[in-house]
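Here is a short note to read alongside the model. Please keep the sheet in view as you go through the points.

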Amino acid sequence: GRPPRGLFIMDLDGTLLRSDRTFSNIDIDALVQLGELGIIRTIATGRSLYSFNTVEVGDLPMDFIIFSMGAGVLQHAGGMVVRRVSLEPNEVKRACKILKTNRLDFMIHRTIPDNHMFSYFRSNEGNDDFERRLKLYSRFAVPLNEATDGFGLASQLLAVVPDRVSHAVLEKVRSELPDYSVIRTTSPLDGKTTWIEIFPTVVSKSRTAAWLAGELKIDKSEIVSVGNDYNDLDLLEWTAKSYVVDNAPADLKDRFTGVASNNNGGVAEAARRSIENTFGDG
């Protein structure tokens, strides 16, 4: 019944979730303490709801889940989706044309809550990470019909790009789709391939976090984030105080305050520092 005192946002894979796909007791205890202090606890993940539900979350002490990079928001208690955003059919058609012109292998995902289902287009042979993702989601994947006019609404497009050419391709796609949200992610499948994810312009971890903070009437000065990868970058840049776990890329650790790794209680360390320096201890 009391107003929130702050917002603590953490990535899931490689941040809160350990490498063995479990949660540490020290992190869980820290999240419980944050809740007792009136801090809203939120996961911000690139996973779809389907993928998120494959993790054994149990009674995880969490208030909201920002999923699919911010395309949707779930109120954890009760499982109600309180926000969802989609690309319009004409936006899907245009982005699809750009990806084909650049000879990229990509997927177009259905709308929330069915955005684990997708159509795919293969421009190249030998894209191992693309093939790996197709195999993983084979029962939800169908080839893309050439006539994309009939695809309808979509939650996102996702291009799988070999790391050796990823930077140039990313900048080219961003320049050709300036009115979309184009986000770089490191593949969670092989840990090195770049995924280029394309969303409506209002979608990103930071934009959706800003929406949630507005709904909860939480000032930006009372928001903390913890991340580990490039798809957390806009959130890390936006929040009042930002932490990266020790398993993050070196260039992110150079820019933001470091804490322990995801396997050694990094979230708990960030929570402790936030209570001391951002939220206060009262």
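The points below cover the basis of the model, then the sheet, its pairings and a helix.

1. This is a predicted model, in which local features need pLDDT of at least 70, side-chain atom pairs count only at pLDDT 80 or more, and totals for chains, interfaces and linings use all residues. Residues are numbered from 1 along each chain as its sequence is written, and side-chain values use heavy atoms, with hydrogens and water left out.

2. Six strands form an open sheet with mixed pairing, in the order β8-β7-β6-β9-β11-β10. Strands (E, at least two residues) and helices (H or I, at least four) are DSSP runs, numbered from the N terminus. Two strands pair if DSSP finds at least two bridges between them.

3. β8 (141-143) and β10 (180-186) are the edge strands; each has a single partner strand, so one side of each lacks a neighbour in the sheet. From one strand to the next, the twist averages 25°.

4. β7 (residues 118-121) pairs with β8 in the parallel sense, over three bridges. Here Y120 stands opposite P143 of β8.

5. β11 has antiparallel pairings. Five bridges join β11 to β9, with I196 in β11 as the bridge partner of A159. Seven bridges join β11 to β10, also in the antiparallel sense; W195 in β11 is the partner of T185.

6. β11 is mostly covered: seven of its seven residues are buried (under 20% relative accessible area, 1.4 Å probe, protein chains only).

7. Helix α5 (residues 166-176) lies across β9 (156-161), β10 and β11 (194-200). α5 runs at about 165° to β10. Axes are lines fitted to C-alpha atoms, for helices over the stretch in contact (heavy atoms within 4.5 Å), and angles run from 0 to 180 degrees between N-to-C directions.

Terms used: Buried < 20%, exposed > 50% of the residue type's maximum accessible area, 1.4 Å probe, protein only.
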